[in-house]
Amino acid sequence: MSLKNPMTPSTGQLAQQSFGHSESRGDARPVSFARRVLDQPAAKLGFVLTGLVLLVAVVGPFVVPAWTGYGSNSFAGKPFRTGVFGTDNLGRDVLSRFLEGGWRLLMYSALATVLGVGLGAVLGMFAAFRRGWLDAVIMRFGDVLLAIPQLVFALLAVTVLGPKGWVLVLVIGVTHAPRVARVIRSATSGVVSEDYVLASQMYAVPQWKILSRDVVPNIMGPLMVEVGLRLTYSIGAVASLSFLGLGMQPPTPDWGLMINENRIALSLQPWGVILPVIAIAVLTVGTNLIADAVAGASAGRVRSTRSARKKSATAARGVTATSPDPALSAAPAQGAAPGETPAPEQNATKEL
Amino acid sequence: MILKRLGVSVFVLLAVSLLVFVFTLMLPGDPAQAILGQQATPERLAALREQLHLNDPWYTRYLTWLGGLFTGNLGTSAATGGSVNALLASKLSASMVLLVISAVVAIPVGLLLGTWSAMRRGRASDQTLTGFSLVLAALPEFVIGVVLTTLLSTTVFKLLPSVTMAAPGMRVWDYPLQLILPSLTLILVVVPYMIRMTRTTMIDVLDSGYVEMARLKGLPERQVIFKHALPHAIGPVAQVVAMQLAWLAGGIVVVEFLFRYPGLGQAMVDAVNNRDVQVVQALSMLIAAFYVVVNLIADVIGILANPKLRTETRS
Amino acid sequence: MRRSEQKARDRVRGTAVPRATVDTAITASHLSLGVTGGDLILDDVSFRLRPGRILALVGESGSGKTTAALACMNHLRAGLELRGGTVELQEGASRFHRDAVDLLTLPEAKMRRLRGGTIAYVPQDPALSLNGSLRVGEQIAEVLRAHEFGRNAHERDDRVAEVLSEVGLPSDREYQRRFPHQLSGGQQQRIGIAMAFACRPAVIILDEPTTGLDVATQDLVLKTIYQLTTKHDVAGLYITHDLAVVARVANDVAVMLHGRIVEDGPAERLLRRPEHPYTRALLDAVPDMQGARDMGGGPAVSPVAAVRAPWDRGRAAPGQMAASASGTPAGTADDAAATTGTGHPENGAAVRERGAGGVVGTGRQDAPVVRLRDLRMAYGSAVILDGINLDLEAGQTTMLLGESGSGKTTLSRSVAGLNDGYTGDVLLDGEVLAPSTRRRSNEQRRRIQYVFQSPFSSLNPRRSIGDSLQVPLQMSGDLSREQRRAAVADALDAVRLGRSYIDRRPGELSGGERQRAAVARALVNAPSVLVCDEITSALDVSVQASVIELLRELQHERGLAMLFVTHNIALARHISHRLAVLERGTLVDYGPTDSVLRNPRHEYTRSLLRHVPTLEEAG
């Protein structure tokens, strides 16, 4: 970039920088975040996969009796009859149940994600912003929650409160919170230690305004990664609980539950298991691909103006010590695992 | 420093026990009633209340329960009326077998593939492996399990048993073939994470100034990797392994249920269905303790592998 | 002398290498290198390294100097590719290669034997380059082993001890068993140098080895490097951006700009009679302690010397620097206002009209605007500030000089209200200020403004420049949105950025541009006092000079009282009327700049003055 600048000595009165400083204003604007996400093929694939399953789950319930000829719980014929996808052990139409069985899973997962990420983000942000005892209390409490695997915690709650929808949403959301809080806290403390936050403090900008104008916009990257990741794990957790028979209850048509109901007859009538398994697999893979692409974009691992510039600047000593991106410590790997990695300092995500 | 970590671990465990205990208090209505159902006679209810110490104040019950945990008495199962210890003893060993097999396979495979991938960064083999692990990492355990069952045991090939045989008195390992599917599922669940995180750690280390310096000093590549790079990866990798072990401990619930494997996970699901709070509590504590211990070990390894932390400990 | 050295070396070594007989060690010719599939980083670079001489490769960030140096070891960082050229290791320069050989085509295995043994590298930041998990003695010894230096382990142990004492470190076992984190920064860097010299290399490449060291340590390290290269006939390549350092160590200089060498030659000639305009600009931008160089003009603050940025050349009338003693800032200030005013008739006019509470005009000396009275601060038993008394006067700059850890940032932040943990008083026009900025009145906040050290951190990357800059106005005034925007635009003009920057994001600006924007934020409110915390330390020399130039102009235009915090004593005459030297929380020297520099009272100040490298040492 810099080499193209012809060397013009004493460039006139106004030139504040004589010899065309390498990263000068001629540079293109930084590529927008959404652009950087979508520039990755994996992201496109992720959106397509997620969109497909979403379509089935959302449109499915509206076409069920009309299109398939049977309601999801109505008797369609002899058990294990062969047909398009056949009937299940109670003689219900597999296709109808499949088409109607997705929206609850999606809704509960989305609600749990919103709850978990919202709660975790707020707690993490306050912990980093306020520091001191509030920070200590929030994070220690998080450590305690982290010691119990998400699923085990959910089982504990279901034992006591029963397998109800709001219990699933609540317990999955709450168990996401400390994991999200950790990531957001580290991103926020990176931002809070920046001088522009100090400058706002100096100008006596109200705290809420500092949070909303200085902090939040600068942690959007990790926050979006968390949304994608937690959605993947919420889907997995809700479906797992239904599969265990501890989520949705019969006779509700639900993908997780269908797998549970039909797996005994896997060799006799595989469709009852295979359809929902494929749907869940495609959905989680899709959301995980999106989360990964978002992580990549926010960690600057995608080629952009800035990374190209940085590359050529590695040649000389980087005078700018400050990294442009808040270090992430998310891991679109281990969400539900107890404890996010505190290990590799930056982006354990993967930088694939 | 190690002592400090130990203190934190003890604190976390105590806090977890309190949290787990609080759940019993949240049981709606009368736990005895819930267990026995609407038809229960008042005498039986009273007897059960007495048996469960329901008439004591909550802190006495907590201390009794906690004391029980320390002395190895996990309480009485409300559903079967027998002791929780007896209920879980045989299942513990079955689950341990599964855990150990999975860990012994998964840890070396994950670490080696992760390191290999990091060293071949950017090449086709690395990209394939990372892409593959990204997809696998997204799948819930039961999806992997069902797919494996379909492939290897029912629809496509019929090689392996899809359900565990465990007649009373028989041990799971008496028939080793039935261990393959559950272990394979667990392995496939944790290996992708290990690959990805090991890879990230190794890339960090390989990109570091001291590794570049070691090369500029003209050291042989083997020495650069084994003497300069690897020691720095020990601490972070120990964390990764600890996390995955803890994850396995949670993952056995679904996998055991799927394969009807007579272990702790299956017991847990049964207990939840029976609303057998004592058993669920005991298992939660057991799993939490496993998590805490494994993490503590990883922390200690991290401290010992890092001269800076180590020397701080000494002073 | 050389002969006896040679003998001594042969005794240790056992094998004699007639090194002094070759005239050239490495010749790089027409080296071209670029980002894979992208821009060129090095464009036809050629240079020659000769035994016993140090070539300094000088350039600002991004000029490609480190890339060029690493190419001498056939080491390309990830993402770079070779486009052409050769690097020849000359005949007889290495004990492995009797014949001349092109390093860039040498097989990896052979190259490895040369790295660290024949061609050694001293990294920029030892904290990152030394292996934290290996003992320092072992890190030196392994180089010897890798290159089969000496006949046995015993000889190698002796060599480790010897090279440690050569770089002025203790050589005993106990010291060798330390880990890097147990050493200071200066010691770590000397371990790096010992590592490089251990095998008695023919060529040594030093990549800004004194970055981040204080001047006294830098001085010591430079001396060590100079002695070792000349004594052992090593060909040195010294990469730096600092011409004063070049003057201290280099025999020859090559100046790099955007991947090309624009001028090279013997150090003495090049530093005294630069030919290329860029070299001249670089030299002019170097702050100078004594002012002995030929100076064309440029408004000096405490005469004798001045930063003269390239765009000033020929504008100022000669003779400004005639007055030598302190106490004549008014004259210079007027001249400066006259010179600079011409280019920008509209400069800051709008801002000024809104009526600064402070004095507008040039250098009038009234009562101090800000007084610090017995400022103290401590964390537990660690004393950060120990009874500081300091006055800031309108139109005057006070330079606060200190190493990192001296408490200078704490002090400056106390003035700005960013540090509420102090005792003692900060007075603004005789009124005691609350320690925390939030408890100060709008008017008080408006009058004292603070500019942060790093322009990469002080502007929110997600907000436009205009949005960031209007914050002070929004918080302190009742201006409408349009008025604020107009004031911000005026301030951007005043810092010579131009109002077109108002809707840009910081990411689109260079470091120097960002720092101007940060200065504009401090000016938008027409303050009376400006606190500048190391605001040039993150910038390249030429940018640094232009920012300082800007500050001086602004001060003259607006009569600002300024507190300029820095660790760079060489800037003193260029910017400050008064100089305050801070050491471990105590003001050890304080007075008019000229008299402090002439007659430093404290040993610490004297040591700073003694060790600071200057251009006058060339040759």
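This is a predicted model: local features need pLDDT of at least 70, side-chain atom pairs count only at pLDDT 80 or more; totals for chains, interfaces and linings use all residues.

**One strand and two chain contacts**

Strand S13 of chain C is joined by five bridges to strand S18, residues 561-566 of chain C, and the two run parallel.

Why is S13(C), residues 397-401, largely enclosed by the rest of the structure? The reason is that five of its five residues are buried. Thr397(C), Met399(C) and Leu401(C) point one way from the strand, while Thr398(C) and Leu400(C) point the other way.

Let me turn to the contacts between chains. Chain B and chain A meet through 56 residues of chain B and 48 residues of chain A. On the chain B side, several helices each supply at least two residues, including H1 (2-25), H8 (177-206) and H12 (277-305). The largest share, 12 residues, comes from H10(B). By class, this side of chain B has 39 nonpolar, 12 polar and five charged residues.

Chain B is also in contact with chain C, where 24 residues of chain C meet 15 residues of chain B. Helices H3 (108-114), H4 (126-129) and H5 (136-146) of chain C each contribute at least two residues to the chain C side. That side is made up of 10 nonpolar, nine polar and five charged residues.

Thank you for your attention.

Key:
Residues are numbered from 1 along each chain as its sequence is written. Chains are lettered from A and ligands numbered from 1 in the order in which they are written. A residue is buried if 20 or more other C-beta atoms lie within 10 Å of its own, exposed if 12 or fewer, and partly exposed in between; C-beta atoms are placed from the backbone. Helices (H or I, at least four residues) and strands (E, at least two) are DSSP runs, numbered from the N terminus. Two strands pair if DSSP finds at least two bridges between them. Two residues are in contact if their C-beta atoms, placed from the backbone, lie within 7 Å. Ala, Val, Leu, Ile, Met, Phe, Trp, Tyr, Cys and Pro count as nonpolar, Asp, Glu, Lys and Arg as charged, and the others, Gly among them, as polar.
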